[in-house]
Amino acid sequence: MKITDTSDLWWKTAVVYCLDVETFLDSNGDGIGDLQGLAQRIDYLSQLGVTCLWLMPFYPSPDRDDGYDVSDFYGVDPRLGTHGDFVEVIRTARDRGMRVIVDLVINHTSDRHPWFLAAKRSVDSPYRDYYVWRDDAPPKGQKNAVFPGQANGIWGKDEKSGQWYQHSFYEHQPDLNIANPRVRDEIAKVIGFWLQLGISGFRVDAVPFLLEIPEGAGIPEPHELLRDIRRFLQRRSSEAILLGEVNLPYDEQAQYFGGDDGDELTMQFDFVGMQSLYLSFARKDPAPLIEALRARPVLGAEVQWANFLRNHDELTLDKLSDSERQEVFEAFAPDERQRVFGRGITRRLPPMLDGDPRRIRMAYSLLFTLPGTPVLFYGEEIGMGENIEIPGREAVRTPMQWSHDRNGGFSDAAPSRLVARPPSDGYAPEHVNVAAQLDDRGSLLHFIRALTTSYRISPELGWGTFEVIDQQADSLLVHSLSADVGKIIALHNFAEVPVTTSFRLADEPEGTTLVDLLESSRLTLDPKGGVELEVPAYGYRWLRVSRPGDGRVT
Ligand code: TEU
Ligand code: CA
């Protein structure tokens, strides 16, 4: 398949940007970010090189899990705006060549959702079977697997009927029963509704939990349900994708792509690779990352990995061994208050790397050269830090820092009315903000723009076959991505000392050169295809293999 024929597979080379409307920009001074605010910042995102926005939940919600507790799947939280405002955002984004995907949270509802209220009112309600119930008391002393310490087990008591309902997450999030065909119809209608408003797919929350179906529920093959959802989605919109959250070991994760046909999730976050990457950072040694990348299941042509360094949740380290997790904790979260659930870190990347600009840039350079599609969490492009005064996962969900003005330019409201307070340490808005970095060519923001630009003109990064290139320097990851369109070689130095390395590119035609995409310079291979290079401390280089007559000008 030729890449030039397949640019409709847009997710293979997208730059995804995740944001929560609530914390992005407040247009009416009530302290809460809103859709009109977001619409004003679409140009900013477009200039950054973003091609796909992922909006975190913006639905009506009691907001006891940051909107992941939905009380109306068709609504827009009135604090954030209206359906009209939503459509304006989608349309404006489209106009700038940007697609929008939205969170689809269908493993559970809020306990305030009318379905659950009706289900509780009467055991005979048609909504009773929208949820999962048990008659007998759950075993004593069980822990909640997802939120240890925050929720007690996974069964909540319904006092009226004396039955228990299942909740994989918080007690206020009863699990939907997707073994019930009526629930599946509801889900399809929700998908159809948002597609009709112009979105390009969904980030699907907690997929393995969604497919956890009790034996005897009459669904022998739960993955068939995911295939049904995908078929429906694609009937309604050929460009739409499902980007799934599946935090499982690689061998189990592979099934969620749907085998050779790729008929389940279009993309999945690489949680295992992400965790190995932090172990590599902690050890200043690329070996754990290399091991993970080599263990990644090989994907069909139309599905894709989504790479990320941080997301809105804790930086989970649950797939590392106990001793590896301890190493990462000690390196990046030495204080117990920077950890949560015994498995994760509540910090953003720059503070973990002691604010060292070389390491931060190396980390993002790597993100953009890992085989797959990069996903940024808002604020990463300017190096925002967490607010250490906010406990738990919310520490990284502070308002976007636009300027050094009051509230970082996020809102005109009194600071006490803000949805969340920005940090007041060295990462406060007066030190880290968009306006100042736009003015400074050497800023992280300009650097990230250069990365998105280079990524977007190098489709081999999204499409290519991954190979580690043999060389002598242990602290270096040298890898290549090759596709029909060409080949890129990336070098990343995990250590704080500069290194020199050499390697050979066999089989390249005479006259082949290496174009340094970040530095705009060119290297010539020796007659045997060899090259010797220096990589600075925590340095990085992107080299495009330029073959004579390949016709590439960018
Ligand atoms: O997360 C589901 C989930 O399993 C993660 O929160 C998990 O804790 C993490 O990957 C570590 O293993 C989603 C959302 O991302 C999260 O914000 C919500 O709280 C959760 O669903 C419930 O809807
Ligand atoms: Ca507002």
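Domain bounds in this description come from an automatic or database domain assignment. On that basis the protein chain is divided into domain 1 (114-166), domain 2 (270-373) and domain 3 (464-546). The centres of domain 1 and domain 3, taken over C-alpha atoms, are separated by 56 Å. The model is predicted: local features need pLDDT of at least 70 and side-chain atom pairs count only at pLDDT 80 or more, while totals for chains, interfaces and linings use all residues. Residues are numbered from 1 along each chain as its sequence is written, chains are lettered from A and ligands numbered from 1 in the order in which they are written, and side-chain values use heavy atoms, with hydrogens and water left out.

Eight strands close into a barrel, in the order 1-2-3-7-8-9-10-14, with parallel pairing. The twist from one strand to the next averages 25°. Helices (H or I, at least four residues) and strands (E, at least two) are DSSP runs numbered from the N terminus, and two strands pair if DSSP finds at least two bridges between them. Strand 2 (residues 52-55) and strand 3 (residues 99-104) run parallel and are joined by four bridges; Trp54 has Ile101 as its bridge partner in strand 3. Helix 5 (residues 181-196) packs on the sheet, where it touches strand 3 and strand 7 (201-204), contact being heavy atoms within 4.5 Å. The direction of helix 5 makes about 130° with that of strand 7. Axes are lines fitted to C-alpha atoms, for helices over the stretch in contact, and angles run from 0 to 180 degrees between N-to-C directions.

Asp26 is buried, at 7% relative accessible area, and Ile32 is buried at 13%, where buried means under 20% relative accessible area, exposed over 50%, and partly exposed in between (1.4 Å probe, protein chains only).

With a disulfide defined as a pair of cysteine sulfur atoms within 2.5 Å, the count is zero. For Cys18 the closest cysteine sulfur, in Cys52, is 10 Å away and therefore too far for a bond. Cys18 is buried at 2% relative accessibility, and Cys52 is buried at 1%.
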